[in-house]
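These exercises are worked through with the sequence and the 3D structure at hand. Try each task before reading its solution.

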Amino acid sequence: MELKQTPLHSIHKEMGAKMVPFGGWDMPVQYTGIIQEHLATRSNAGLFDVSHMGEIFVTGDAKEVLDFLESVTCNTISSMKDGQVQYNAVVNDLGGLVDDITVYKFNDTKYMICSNASNYEAVTKHLLKYVKGNVTVVDDSKNWHQIALQGPKADAIFAKYLGKDLSNILYYHFTEMNWRGENIIVSRTGYTGEDGFEIYTSNNLGVTLWKELLEIGKDFGLVPVGLGARDTLRLEAKYPLYGHELNAEWTPVESGINFIVKEKPKPYLGYDRIIADKKNGPKQKIVGIRLMEPGVLRENFPIFSPDGKEIGKSTSGTHSPSRKESLGLAILETEFAKNQTEVFVEIRGQKKLAKVETGAFIQGSVRNNR
């Protein structure tokens, strides 16, 4: 199957990026190197092409739109204010995940769902299966470009570029503004654990924005960042990735995002199983793990208890550029998921000591006022 290309594809190649297949797209994995790009984002700022993500708009009668969204997601949509972004998940009838998403509320009759690159077509199909009444679901992804500006200096860079103060945009909130003659969406969100913005524009303006931000950001240490560092950054921030920590079988509670699971007056898809996991505790769940011996964690390594019982597997892993040690995420039987529990990871036939780490791997610049 031919890989899709973002509007920035030719520019990535001109910049010397190494390209790899990802979710059906041909995407840059690195420009100068994963570690350098990672550390630049943690200390200064990084610019990411995320225009492969999906933008799905849900509009219609206020009550019917709200009822519909509440019925297919596990977080509480009714608590959202205009201009707010909410982390949520579209669930299936078995209680698993179709995708983890961010929901943007423009007003009572208009919402946008930002969905993962490999999933937005499946999310759209799933939503259309359950939509009814005066509600419209439209996948408008091809008409939107998205780039992410992330890092402790992201605010200063973007404020200088736009010529305006951005401190009024709170974490997990967004604003619409007129820029270069079009209405763009700027949200203080991201996938790195750092402060920053995700910027939605037309495709043409997105290409211009990419070039101009890199130019104006030079003095701040801004660099382009590929998927390699995007993965190490999200792992340090303990953010899950669909196909690794999230899938169609595990509930949001098992997947470690139980904080978005809410009880609702009207049950949503998979409600009984999801709420049972929330109330009673799941048999297994996602936790952070840290390798205590030389080696590098990767996905799908079997994990054992000290007495040799297999109790789970790693779902993601890397050598952390910030902490300079091997860490990752794993699905473990719940009794072994307590902080600092010793477990053993099998790497190339050898069992290596590791510890469960339930706290944060890093303290980034992200504004935790969600």
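Angles between axes are sorted as follows: under 35 degrees is roughly parallel, over 145 roughly antiparallel, 65 to 115 roughly perpendicular, and the rest oblique. The model is predicted, so local features need pLDDT of at least 70 and side-chain atom pairs pLDDT 80 or more, while totals for chains, interfaces and linings use all residues. Residues are numbered from 1 along each chain as its sequence is written, and side-chain values use heavy atoms, without hydrogens and water.

**Exercise 1. Describe how helix α5 packs on helix α6.**

Step 1. Helices (H or I, at least four residues) and strands (E, at least two) are DSSP runs, numbered from the N terminus. Helix α5 covers residues 154–162 and helix α6 residues 203–216.

Step 2. Axes are lines fitted to C-alpha atoms, for helices over the stretch in contact, and angles run from 0 to 180 degrees between N-to-C directions. For α5 and α6 the angle is about 115°, and the axes are 10 Å apart. The two helices are therefore roughly perpendicular.

Step 3. Contact means heavy atoms within 4.5 Å. On α5 the contact is made by Ile157, Phe158, Lys160 and Tyr161, and on α6 by Leu209, Glu212, Leu213 and Ile216.

**Exercise 2. Classify the ring pair of Tyr104 and Phe174.**

Step 1. Rings of Phe, Tyr and Trp (its six-membered ring) pair if their centres lie within 6.5 Å; planes under 30 degrees apart are stacked, over 60 edge-to-face, and the rest tilted. The whole structure holds 12 aromatic pairs.

Step 2. The centres of Tyr104 and Phe174 are 5.1 Å apart and the planes stand at 55°, so this pair is tilted.

Step 3. Tyr104 belongs to strand β6 (residues 97–107) and Phe174 to strand β10 (residues 174–179), so the pair links parts of the chain 70 residues apart.

Step 4. Buried means under 20% relative accessible area, exposed over 50%, and partly exposed in between (1.4 Å probe, protein chains only). Tyr104 is buried at 0%, and Phe174 is buried at 9%.

Step 5. For comparison, Tyr171 and Tyr172 make an edge-to-face pair, with 4.9 Å between centres and 70° between planes. Tyr171 and Tyr172 are both buried.

Step 6. Ring pairs join Tyr104 and Phe174 with Phe57, Phe106, Trp144 and Tyr200 in a cluster.

**Exercise 3. Find the lysines that lie over the rings of Phe106 and Phe361.**

Step 1. A charge sits over a ring if NZ of Lys or CZ of Arg is within 6 Å of the ring centre and within 35 degrees of the ring normal.

Step 2. Lys110 has its charged end over Phe106, 4.5 Å from the ring centre. Lys238 lies over the face of Phe361, at 4.5 Å from the ring centre.

**Exercise 4. Place Lys352 in the fold.**

Step 1. Lys352 is in strand β19 (residues 350–357), and at 14% relative accessibility Lys352 counts as buried.

Step 2. Lys352 and Ile303 are 49 residues apart in sequence, and their C-alpha atoms are 9.3 Å apart.
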